[in-house]
Structure formats: C-alpha cells, structure tokens
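User: Hello! I am new to this structure and would like to learn how to read its features. Could you walk me through some of them?

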Amino acid sequence: MGAKELLQEHIAKTAVLTEKEFDYFFSHFSPISFKKGQTIVSAGDHVDCEYFVVSGCLKAFYINDDIKMYILQFAMPTWWTSDYNALYNQTIATINIDCITDAEVLCLSSNDREKLCAEFHQVEHFFRWRTNKGYIASQKRLLSFMNNNVKKRYEELLALYPQLYNLVPKHLIAAYLGVSRETLSRLQAHK
C-alpha cells in the first residue's frame, strides 16, 4: 500500500473526506525517506512539523544529564510522532527522534495542520481525536509506571505491541521499560 492510501485509510477510521478533499489534504504532506540510525529531530532543534510513519520504526527519546536514555515512544506504520511540546509551544526540542530501521514518513507542518483544521471540520475532528488517543495512551503508560512492577510492564508491552520484539533491539525495549538490558534478559528468560 502506498503512502497516500495508507494515510487515507488511517484518516477514514475517524473522519469523512471526499476524494477531492483528501487529495487536497494529502497535498500538504511531504514524503521523506530516512536511513536506519538517521536523526529526524535533535534536542535543541526548532520543530515545525509532525511525522506520519508510512514504513519502518522510529523512536522518540530523552537523554538526561547522566547520559541515560529514556524511550518515550516507538512509532511504527500509521503512528504519528514529533516533539509536541516544541511543536505546539514553539520552543526548541527537548527530545530526539531517530530511525531504528529505514523509514518512510509523511511530514506535515504545523502551519499546514492549522490551515487544514480551519478549512475542514473533519480534519480538525481527526486531529483532536488523535491527540486525545495519544494523551490517553501516555496517561495509561504513566499509571503503569506508578503502579506496576517491571514484570507487569513488560507483559503489558508484549501484549499491546508484540511486533516490537522482532523489530526493536532489546536494549531499546529495556530503555522503554526503564530497566537495564540484563533485567530485560531475566524477564524474557522467565516468560
């Protein structure tokens, strides 16, 4: 499935656009290809767009003062990613986004997103729905960190996203869970 068809199918789950409206909507996206390991956003960058993943896998992460990496999000096909704080508040990026695999994305600028939302109620509805779903997912993840032990968080991740385990290196899964690679190895040995 091509990028246009993938995005159209994704949008159609929430918003109703005519073929002509979708063509206009799609014309505001820029396709970009990235290689494995390539950086898309670095802490300190100006951020003016968000990315819809067509193929591949990205990671959004934070590096603290002790040089410890915390994975905030893995982004697989049909997922969106950006440094949303920097994007919406027009500040510099505090997170990094790079490619775990080769990736194809569609880039939508903040200005174009706002323009499209003003022009089409259905587009505004889609972006509001998507933002709400992202907020709910973040809230669930935070609650899981506060209430569950590592084993339970590992089991939740496995149940929700089993494809990650064949796609993402184990040290990155460990960083997502907030544990060492050795702890993850022990959890995998006991499953």
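Predicted model: local features only at pLDDT ≥ 70, side-chain atom pairs only at ≥ 80, totals over all residues.

User: Let's begin with strands. How many bridges join strand E4 to strand E5, and do the two run parallel or antiparallel?

Analyst: Strands E4 (residues 58-63) and E5 (residues 69-75) run antiparallel, and six bridges join them. To see how they line up, find Ala60, which stands opposite Gln73 in E5. Then look at the turn: the hairpin has five residues between the strands, and Ile67 has a positive phi near 65 degrees.

User: Now a helix. Which residues of helix H4 are buried?

Analyst: In H4 (residues 110-119), the buried residues are Ser110, Arg113, Leu116 and Cys117. These four lie on the same side of H4 because they cover an arc of only 130 degrees around the axis. Asn111 and Ala118, on the other side of H4, are exposed.

User: What covers the buried residues of H4?

Analyst: The cover includes helix H2 (19-26), strand E3 (49-55), helix H3 (84-89), strand E8 (103-109) and helix H5 (121-147).

User: What about a residue in a loop? Is Thr14 buried or exposed?

Analyst: Thr14 sits in the loop between helix H1 (3-12) and H2. The cut-off for buried is under 20% relative accessible area, so Thr14, at 16% relative accessibility, counts as buried. Leaving out residues up to four places away in sequence, Thr14 touches Gln122, His125, Phe126 and Trp129.

User: How should I read two helices that cross, such as H6 and H8?

Analyst: Start with the axes. Those of H6 (residues 150-160) and H8 (residues 170-177) come within 10 Å and cross at roughly 120 degrees. That angle makes H6 oblique to H8. Their crossing is right-handed. On the H6 side, Arg153, Tyr154 and Leu157 make the contact, with Ile173, Tyr176 and Leu177 on the H8 side.

User: And at what angle do the axes of H8 and helix H9 cross?

Analyst: The axes of H8 and H9 (residues 181-189) cross at roughly 100 degrees and come within 8 Å. The two helices are therefore roughly perpendicular to each other. From H8, Lys170, His171, Ile173, Ala174 and Leu177 meet Arg181, Leu184 and Gln188 of H9.

Terms used
Residues numbered from 1 in each chain as written. Heavy atoms only, no water. Pairing = 2+ DSSP bridges. Buried < 20%, exposed > 50% of the residue type's maximum accessible area, 1.4 Å probe, protein only. Arc of directions from axis to C-beta. Contact = heavy atoms within 4.5 Å. Axes fitted to C-alpha atoms, helices over the stretch in contact; angles between N-to-C directions. Parallel < 35°, antiparallel > 145°, perpendicular 65-115°, else oblique. Left-handed = near helix turned anticlockwise from the far one by under 90°.
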